[in-house]
Amino acid sequence: MPSESKSFGEFDLIQRFFKTGADQMRSNSDQAIVLGIGDDCALLKPIPGEEIAITSDMLVEGRHFFTDADPGLLARKALAVNLSDLAAMGAKPLGFTLAIALPKVDIAWLEAFSKGIFAIADQYSCPLIGGDTTAGPLTISITAFGSAPSGKAIRRSGAKAGDDIWVSGTVGDARLTLAALRHEINLSTIELKEIEHRMHAPVPRIDLGIKLRSIASAALDVSDGLLGDLKHILNQSQVGAEVFLDQLPKSVSLQKQSEAIQNQFAASGGDDYEICFTALAAHRDAIDAISKELHLPITRIGRITANTGATETLQLLNNGDLLSDNQTAALLKSFDHFAK
Ligand SMILES: [Mg+2]
């Protein structure tokens with residue numbers, strides 16, 4: 001509808017697609033938001049005794065998503081990956097801002113996008129509180145704000161030798177989906193349907209993060225690949241780790257692949273948005289209870305070791321056998337290397 005498109009300026013875009021939905025949500029939302037969309041700034045009022053967690057993620061067409069990506073799913077994922085960062089810190093969502101560059105004003109695209117973003121925002125009680133639109137290559141940038149009791153946000157730096165290492169859900173499915181879409185691997189339409197939501201509609205583990213506040217010693221969300229991300233915890237906590245490759249939680253779909261692909265995708269596939277965390281062995285029963293309560297598998301995949309400097313900080317074991325440094329390095333390689 002080109003004639004209608006031309007009549008939309010920036011203000012109209014915000015008004016039509018984002019402000020009404022934001023206002024409706026805000027009327028039901030947290031006391032922390034004093035002022036939402038419509039002024040020069042939004043105003044947040046910190047909850048007494050809490051700290052504000054802030055995270056930002058940008059998605060760029062062609063780099064983070066395909067050009068023909070479904071706008072509703074794209075919107076959902078753009079907010080989900082930010083909520084996943086809040087989850088990894090044990091923060092409860094407060095609100096988010098959205099900056100979006102659009103190559104053209106496409107009414108149907110914007111309608112689907114705004115519907116998608118408000119659906120997930122509503123699901124996680126995280127209202128839109130501000131933003132910006134401009135012309136440019138399709139780029140979606142979201143900043144999310146969350147809240148956690150003072151001193152209780154879970155950092156990457158708290159892992160200690162002897163802690164268990166855990167991961168939620170299953171890992172490697174988003175990578176398996178990508179492999180199928182890239183025709184690196186053949187999956188039937190039915191098989192693809194069973195797992196593609198893992199890539200297109202990741203579930204931020206907000207409830208898990210909040211429950212882990214008093215249990216986890218360190219945590220992060222798995223965005224770039226389990227082992228590569230775990231290394232961030234090891235670096236920041238100045239510890240080492242032993243990971244049991246055969247214990248990594250894999251979906252039924254991934255288990256149908258060769259052992260080499262299973263291990264590669266589970267160990268280093270990106271985009272899973274599960275929570276990897278460390279905790280004292282004394283918390284095993286509590287973690288099992290959380291797993292049951294949330295109907296979410298939480299699997300113990302290794303343990304934190306002292307970093308003596310004499311050995312590799314990350315050692316992988318497969319059915320009890322220690323992998324060589326070369327084998328470990330191969331598993332840590334990104335999927336692009338794997339594809340070649
Ligand atoms: Mg993260």
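1. Two strands are taken to pair if DSSP finds at least two bridges between them, and helices (H or I, at least four residues) and strands (E, at least two) are DSSP runs numbered from the N terminus. The model discussed here is predicted, so local features need pLDDT of at least 70 and side-chain atom pairs count only at pLDDT 80 or more, while totals for chains, interfaces and linings use all residues. Residues are numbered from 1 along each chain as its sequence is written, and side-chain values use heavy atoms, with hydrogens and water left out.

2. On these terms, the secondary structure of the chain comes to 14 helices and 13 strands. Of its 340 residues, 50% count as buried, where buried means under 20% relative accessible area, exposed over 50%, and partly exposed in between (1.4 Å probe, protein chains only). The chain exposes about 16000 Å², of which carbon and sulfur atoms supply 52%; accessible areas come from the Shrake-Rupley method with a 1.4 Å probe, and for residues only the protein chains shown count as cover. Among contacts (heavy atoms within 4.5 Å) between residues at least 6 apart in sequence, 84% join residues at least 24 apart.

3. The axes of α3 and α4 come within 7 Å and cross at roughly 35 degrees. The crossing of α3 past α4 is right-handed, a term used if the near helix is turned clockwise from the far one by less than a right angle, with anticlockwise giving left-handed. The residues in contact include L74, L79 and L83 from α3, and W109, F113 and I117 from α4.

4. Which residues coordinate the magnesium ion? They are D85 and D221, each through OD, at 2.0 Å, where donors are N, O and S atoms within 2.8 Å of the metal (3.2 Å for Na, K and Ca), and where sites may look incomplete since water is not among the atoms. The pair links distant parts of the chain, with D85 in helix α3 (residues 71-89) and D221 in strand β8, 136 residues apart. D85 counts as partly exposed at 22% relative accessibility, whereas D221 counts as buried at 4%.

5. Some backbone angles deserve a reader's attention. Most residues other than glycine have a negative phi. Q238, however, has a positive phi near 55 degrees; Q238 is found in the loop between α9 (226-237) and β9 (239-244) and is exposed, at 65% relative accessibility. H295 likewise has a positive phi of about 55 degrees although it is not a glycine, is found in the loop between α12 (284-294) and β11, and is exposed with a relative accessible area of 73%.

6. Helix α5 (residues 173-181) is largely enclosed by the rest of the structure, because eight of its nine residues are buried, among them D173, R175 and L178. α5 is followed by H183, whose phi is positive, near 60 degrees.

7. A last point concerns I47, which is found in the loop between β2 (43-44) and β3 and counts as partly exposed at 29% relative accessibility. I47 and A148 are 101 residues apart in sequence and 9.0 Å apart in space, C-alpha to C-alpha.

Terms used. Axes are lines fitted to C-alpha atoms, for helices over the stretch in contact, and angles run from 0 to 180 degrees between N-to-C directions.
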